[in-house]
Each structure stands twice: as C-alpha cells, then as structure tokens.
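Please look over the model below with these notes beside it.

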Amino acid sequence: MTPDELAQMRALLLRRQAELIEMGDLAIEPKAAEVAERPDEDAQPLTEMNQVIASRRNADRTRELRGISVALRRIHNNPDDYGHCEECDDPIPRGRLELMPGAQYCVRCQEARDPSRGGKRKHLRDFE
Ligand SMILES: [Zn+2]
C-alpha cells in the first residue's frame, strides 16, 4: 500500500473506532419498565432471544475494536504488513478492508477459522 492509502485506511480505522466506542455497550438486561409492561410469559422467550442477540453484538464489537487497535499498531510499526492476511499473508482485498478496516484475515482464512459465520466450506481443501 502507498503511504497515501495507508493514511486513508488509518483515518477509516480511527473513524470506525470512534463509532464503536460511541455506541457503548448494548443493554443486555431488560429494563425494569419493559418487564412491567409485558408481564405475560409469552414475552419471555423473546426477551431471552434479544439478550442473546445483544450479547453477541457486544462480543462482535469488542472483537472488531480489538482488530482495529491491532491494525492501527501495525500501520504504525510495520506498515508493509497492513492489509495482508495474518494466516496466509495474501493481500486482503481493498473492498474488504474498506468495509472492515480491522480485518486480520482474508475471506478464506476467516471462514476457515470461524466456519459458523456464513461460510459453507468446512475445510480449506473445499476451495480447490
Ligand atoms: Zn488468508
């Protein structure tokens, strides 16, 4: 990446980082008022589902923030490494980085590490 591109990515990372921090933690516990409004037991499964979703989103956000600080450190210390997959060292496509500036892996390695996230392939070999 050229120094200009790196500066651009750095700005993107900082903006995304600020956004994520500003969002804060999602409420996982239902507010007392909401519980009082819907005392019926039918609401319970929905509440539990919302809690699961909220805690998953918090985990995703924490993970993304961690990725962003790793990326910022890398741009600072080893700018040549930024934008390369940590696993296979392939360049991560620019479009992916613009969507997820903190991405540490290319799509293939990400899916291999985390097959539950939309990847249908279970093994790297399935690509060949
Ligand atoms: Zn890779």
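**Notes on the pocket and the zinc site**

1. The residues lining the largest pocket divide into eleven charged, seven nonpolar and four polar, where Asp, Glu, Lys and Arg count as charged, Ala, Val, Leu, Ile, Met, Phe, Trp, Tyr, Cys and Pro as nonpolar, and the others, Gly among them, as polar. This is a predicted model, in which local features need pLDDT of at least 70 and side-chain atom pairs count only at pLDDT 80 or more, while totals for chains, interfaces and linings use all residues. Residues are numbered from 1 along each chain as its sequence is written, and side-chain values use heavy atoms, with hydrogens and water left out.

2. The space in the largest pocket comes to about 610 Å³. A pocket here is an open set of points on a 1 Å grid where a 1.4 Å probe fits, with protein on both sides within 12 Å along at least five of seven lines, and lining residues have an atom within 4 Å of a point. Of its 22 lining residues, Asp-60, Arg-63, Glu-64, Met-100 and Gln-110 are the closest to its centre.

3. Helix H3 (43-77) is among the helices that each supply at least two residues of this lining, and H3 gives the most, with seven residues; helices are DSSP runs (H or I) of at least four residues.

4. The zinc ion has as protein donors (N, O and S atoms within 2.8 Å of the metal) the SG atoms of Cys-85, Cys-88, Cys-106 and Cys-109, lying 2.3 to 2.4 Å from it. Cys-85 lies in the loop between H3 and helix H4 (94-99) and Cys-109 in helix H5, so the pair ties together parts that are 24 residues apart in sequence.

5. Cys-85 is buried (under 20% relative accessible area), with a value of 2%, and Cys-109 also counts as buried, at 6%.

Terms used: Grid points are joined across faces, edges and corners, and a volume is the space filled by probe spheres set on the points. Donors are N, O and S atoms within 2.8 Å of the metal (3.2 Å for Na, K and Ca); water is not among the atoms, so sites may look incomplete. Buried means under 20% relative accessible area, exposed over 50%, partly exposed in between (1.4 Å probe, protein chains only).
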